[in-house]
Amino acid sequence: MNAKITRITAGKFDLSLKEPFKISLGTITKAKNVLVKIFSDDIVGIGEGSPTYKITGDNQQGVLSFIEDITPLLINQELDIQKIDEVLSSFINMTAAKAAISIAIYDLVGKELSKPLFRLLGGYRDEIKTDLTIGILPPEKVREKAIDAISRGFEILKIKVEGNVEKDFKRIEAISDLGIKIRIDANQGFTPKDVIKFIRKISNFEIELIEQPVPFWDISGLKFVKENSDIPVFADESIHLARDALRLLKEGCVDGINIKLMKCGGICEAVKIINIAEAAGIPCMIGCMLESKVSLTAAAHLALAFRNIRYVDLDSHLFLSEDPVLGGIEIKSGKITLPEEPGLGISAVKDVGETKEKN
Ligand SMILES: [Mg+2]
């Protein structure tokens, strides 16, 4: 492609939540994200990074510094995805920053080619169901939120649990009669033996899958759970990059993988994971951090493009007190669709923080 990168800007993109969101790793009230704009001569691509120390090991300031440092390596580069990915991959970690750049580049490429990204990447489907996530709350609150979600058309819920067999059992029991698909996410909260107790206790309920039951580093624990569980076991925090996926699949540790752009560092790496998993006969989920519709829309393009993404958890914009993004991902009655617009299909972003010009 002849178009070249002429300018990159990055700025703080703070997003407040309607109410605190609690998972077993902690409680969040505000997402401190980064909005990136990458310009060619006459087009701009946008991307978003959503860092969090506990999962990606970086923060907003780190993402801004990384983008500032890497900008000279990208200016004047042509929009060749593999060459840009080679530059990004030569740096360790910083996956939220890399994801922001990757999303903006793909948005630019889609706009240059006048095609929606999901059509360029694979075009497998036009819509897909997403779950709605319910944070760690008392059982009666979980039930209240579940009933509200059902009234809004959601058919799948992801229930966050804390790693306490009795308390978590009550959370699941409270919604077990609602006729809804239930996914459970422990965010590393259990020991391997405790999660087996928990899985046995909920064996009478219809549970679709359990995600990241044990600490991210406990690969043998994850394998133990998978081998002793009737419920499919998905890895989230244990798998960031394609090489993590390869290792865990080789060792037979999981029944599925939750891919997040913020963990893997962008669309190229996500595609590698999708394909490695498909070759191993393992399905993928695509999920999110606390993100606006900018990066959620990029993830939604992957979900519609690839047949091996069979589970979707892209709902975080619904938790924001204000949605600063126009266009992009739409959720109606629990189903995701995307506009037939070039690139991401985002028409405008109301910048929440200052944007520092580079070059
Ligand atoms: Mg998870």
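Donors are N, O and S atoms within 2.8 Å of the metal (3.2 Å for Na, K and Ca); water is not among the atoms, so sites may look incomplete. The model is predicted, with local features needing pLDDT of at least 70 and side-chain atom pairs counting only at pLDDT 80 or more, while totals for chains, interfaces and linings use all residues. Residues are numbered from 1 along each chain as its sequence is written, and side-chain values use heavy atoms, leaving out hydrogens and water.

The donor residues of the magnesium ion follow the sequence spacing D-x25-E-x24-D. Asp185 belongs to strand β7 (residues 181-185) and Asp236 to the loop between β9 (233-235) and α10 (242-250), so this pair ties together parts that are 51 residues apart in sequence. Helices (H or I, at least four residues) and strands (E, at least two) are DSSP runs, numbered from the N terminus. The protein donors lie 2.1 to 2.3 Å from the ion.

| Donor residue | Donor atom |
|---|---|
| Asp185 | OD |
| Glu211 | OE |
| Asp236 | OD |

Both Asp185 and Asp236 are buried, which means under 20% relative accessible area, with exposed over 50% and partly exposed in between (1.4 Å probe, protein chains only).

His317 sits in the loop between β12 (309-312) and β13 (325-327). Its relative accessibility is 8%, so His317 counts as buried. Beyond its neighbours within four places in sequence, His317 has contacts (heavy atoms within 4.5 Å) that include Lys293, Leu296 and Asp323. The C-alpha atoms of His317 and Leu296 are 7.9 Å apart, although 21 residues separate the two in sequence.

Helix α13 covers residues 293-305. Because 13 of its 13 residues are buried, α13 is largely enclosed by the rest of the structure.

Definitions and conventions
Expected span 1.5 Å × (residues − 1).
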